[in-house]
Amino acid sequence: MLADIWKDRDVAKAFLAERSTVIPDRPRQLEVILRVLRLFCPQPRGILDVGTGDGLLLATFLEAFPDASGVGVDFSPLMLEQARQRLAKCNPRATTVEADLQAPTWKDRFAGPFDAVVSGFAIHHLPHDRKRVLYQEIFDLLSPGGVFLNCEHVASATPRVELLFDDTMMEHLYLRRKEKGEDVTLEQVRRDWMERPDRCANILAPLEDQCQWLREIGFKDVDCFWKYFELAIFGGVK
């Protein structure tokens, strides 16, 4: 499976050290997610973070909602190590679970329902058929009125639009690396971006298709709440 690449500690480490911390407009993304959740579910008690990575989303929610508890699920042992370190300040309200989202049994190790399910840059590694089934599984885990929000990497509408995203990311990463004092050229950053080992694990689906899947499953108020080229926040309410 292509997603197995995240079991590779070097790949996971590279993502945690670089791209996950320099994703464009990350503070705004977190602001939008919190704003949407506060509108639809002002006082969530249970939160599930699907593909938690280093635990940033779950930690943000638990800090914003001190009466909530949360579960972070991920496939990568190194990601979970980082998540446990970040979430230590939230103990005992935070727990982590190692599980493979490609298997329907991923949800068998914890109990729902949850008032909110969030995901950040994880589901795009799954085949499209599995994505849709996962959205149904998430719907089933939500309590009535619960919210699902996915901060995700989606497909560009055309190859030319995809070039816009690649150019934007390369320029952004170049500036961030120069700010850190690296002696790097734009061409080096371009090569690193285009040849990154996790690129092959991306299985991107159009935003419009995924929103339609959510509507067909039964989600209400489905929308894209924020978008920056191939980066998008979308979801809905049960």
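Modeller: Let us begin with pairing: two strands pair if DSSP finds at least two bridges between them. Strands (E, at least two residues) and helices (H or I, at least four residues) are DSSP runs, numbered from the N terminus. This is a predicted model, in which local features need pLDDT of at least 70 and side-chain atom pairs count only at pLDDT 80 or more, while totals for chains, interfaces and linings use all residues. Residues are numbered from 1 along each chain as its sequence is written, and side-chain values use heavy atoms, with hydrogens and water left out.

Colleague: What makes strand 4 and strand 5 a pair?

Modeller: Strand 4 (residues 114-120) and strand 5 (residues 142-153) run parallel and are joined by six bridges, where at least two are required. Within these strands, Gly 120 stands opposite Cys 151.

Colleague: Which strands stand at the edges of the sheet?

Modeller: The open sheet has seven strands in the order 3-2-1-4-5-7-6, with mixed pairing. Strand 3 (94-98) and strand 6 (220-228) each have a single partner strand, so one side of each is left without a neighbour in the sheet.

Colleague: Why is the ring pair of Tyr 135 and Phe 148 called tilted?

Modeller: Rings of Phe, Tyr and Trp (its six-membered ring) pair if their centres lie within 6.5 Å; planes under 30 degrees apart count as stacked, over 60 as edge-to-face and the rest as tilted. The structure holds 10 such aromatic pairs. For Tyr 135 and Phe 148 the centres are 5.6 Å apart and the planes stand at 50 degrees, so this pair is tilted. Tyr 135 belongs to helix 5 (residues 128-141) and Phe 148 to strand 5, so the pair ties together parts that are 13 residues apart in sequence.

Colleague: What makes the pair of Tyr 228 and Phe 229 edge-to-face?

Modeller: Their ring centres lie 5.1 Å apart and their planes are at 70 degrees, so the pair is edge-to-face.

Colleague: Is Phe 229 buried, exposed or partly exposed?

Modeller: Buried means under 20% relative accessible area, exposed over 50%, and partly exposed in between (1.4 Å probe, protein chains only). Phe 229 has 31% relative accessibility and therefore counts as partly exposed. Phe 229 is found in the loop between strand 6 and strand 7, and its phi is positive, about 55 degrees, although it is not a glycine.

Colleague: How do you know that the charged end of Lys 238 sits over the ring of Phe 139?

Modeller: The criterion is that NZ of Lys or CZ of Arg is within 6 Å of the ring centre and within 35 degrees of the ring normal. The charged end of Lys 238 is 4.9 Å from the centre of the Phe 139 ring and sits over that ring. Phe 139 also belongs to a cluster in which ring pairs link it with Tyr 135, Phe 148, Trp 213 and Phe 219.
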